[in-house]
Amino acid sequence: MSQQLTTEQLLHAAEKFGTPLYVYHIEKITEQYQQLTQAFSNSDVKIFYACKALTNINILKHFHSLGSNIDCSSINEVKLALHAGFPSNRILYTSNGIAFNEIEEAQQLGIHINIDSLSNLEKFGKKFGHSYPVGIRLRPNILAGGNLKISTGHDKSKFGIPTDQINQVISLIAKYDLHIQGLHIHTGSEIKDADVFVKGIEVLFDLIPHFTELKFIDLGGGFKVPYKTGDDATDIVLLAQKVKEAFDAHPVAKDLQIWFEPGKYLVSECGYFITQVNVIKETSATTFVGINSGFNHLIRPMFYDAYHRIKNISNSYGIEKKYSVVGNICETDTFAWERKLNEVREEDYLVFYNAGAYGFEMSSNFNSRFKPAEVMFAKDDFFLIRRRDEFSDLLNHQIEV
Ligand SMILES: *Cc1c(COP(=O)(O)O)cnc(C)c1O
């Protein structure tokens, strides 16, 4: 049974905590995590939750309790992971153009590190040489993912060491006696086709003979989840089968661990973003529904043209009409254009689905508006896990001179 919060539960949360409000359903995270681990149970797979999707400390603690590992994209995320109780050997820092001092800090904390540039690999070799095994992030020159903004493996992408520079990597290994224990690729987000992962595997397999101390192949994240009914998702069972076939058939890879770093797959569907309607504005072009939010709270529709399903939970049986849902920010912040919704009235609550991943996490205080509160639903109860900003927060770090 797929875990979902009901309209009544969401209305209750809106009344109790006010809006705009992010709600996370903990059992849904458990369900997604277990689906993944079950699908891959016949391979030596480790799951690292890509925590940049949602870093609330209570969510991180929940992943820790599930036995998950964690993938971080900044040294601060590493520190949050430690704070949540993850031991250092379950933390991975996959770097992306970061300053070397963050890599030094990560080394001191004893966590796994994937290095993504020749420059940092050389600095790492000079300083730590053979004494600290590392992984390298490669760029396989594969175009994949929902759109160019979320595609990270193609030949114009900044991410990773291009595979055509492999000879320079090999020279650095020899020069500094580096111990490369893993090869990493992350080709993008919203990859529904299992064959993209297989292509990535083939690129990495070609490189395996250059490395004699490998322990893992890290295939990154990017599994697609459905955002609307009828949407394709990554077929995880098929993916697991194809990955197993590929690894089993390879003389070296069959003994390597397989790492994955899913973010969206684990937390997208657990999240609901509840807003309230401020104004309805009839125009000749469309009927605008102006809500008490904007791209300062949920930027995916404007930044990626992402589709988020919206429901009027205050009038579930109202006559369907077309509306354009917009924010209250002094920018064009259109959440949906000419979308069918049950009749919308001022003060109705509208909920956005799939709001768990890259929702709150990408929010800001633009227009000096408050960031939303966050609530978690666990064990049949709602818990406030981040209070809404208040006015003093806006002045908190400013210095009046
Ligand atoms: C963002 C990111 C992920 C997670 O991507 P999703 O699309 O959320 O699964 C995994 N690995 C790395 C290195 C990332 O930067």
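A polar side-chain atom of Lys52 is placed 2.8 Å from an oxygen atom of the ligand. This distance, like every value in this report, comes from a predicted model. Of the area of 380 Å² that the ligand exposes when taken alone, the protein buries 93%.

## The ligand site

The ligand is located in the largest pocket. Around the ligand there are 15 residues, of which Lys52, Ser189, Glu261, Lys264 and Tyr358 come nearest.

Sorted by class, the shell around the ligand consists of seven polar, five charged and three nonpolar residues.

## His297 and its loop

His297 belongs to the loop that runs between strand 12 (287-291) and helix 11 (300-304). Is His297 buried or exposed? Its relative accessibility is 3%, so His297 counts as buried, because the cut-off for that class is under 20%. The side chain of His297 forms a polar contact of 2.9 Å with the side chain of Ser293.

## Lys61 in helix 3

Lys61 is part of helix 3, which spans residues 57-66. With a relative accessibility of 41%, Lys61 is classed as partly exposed, because this value falls between the limits of 20% for buried and 50% for exposed.

In sequence, Lys61 and Gly85 are separated by 24 residues. In space, their C-alpha atoms are 6.9 Å apart.

## Asn396 after helix 12

Asn396 is found in the segment that follows helix 12 (391-395). The relative accessible area of Asn396 is 51%, and the residue is therefore exposed, since that class requires a value over 50%.

How far apart are Asn396 and Leu36 in space, C-alpha to C-alpha? The distance is 42 Å, for a pair that is 360 residues apart in sequence.

Key
Residues numbered from 1 in each chain as written. Predicted model: local features only at pLDDT ≥ 70, side-chain atom pairs only at ≥ 80, totals over all residues. Heavy atoms only, no water. Near = heavy atom within 4 Å. Polar contact = N/O pair within 3.5 Å; in protein donor to acceptor, adjacent residues only side chain to side chain. Areas by Shrake-Rupley, 256 points an atom, 1.4 Å probe, with all protein chains shown as cover. 1 Å grid on protein atoms, 1.4 Å probe; cavity = no way out; pocket = protein on both sides within 12 Å on 5 of 7 lines; lining within 4 Å. Sits in = over half its atoms within 2 Å of the grid points. Nonpolar A, V, L, I, M, F, W, Y, C, P; charged D, E, K, R; others polar. Helix = DSSP H or I, 4+ residues; strand = E, 2+ residues; numbered from the N terminus. Buried < 20%, exposed > 50% of the residue type's maximum accessible area, 1.4 Å probe, protein only.
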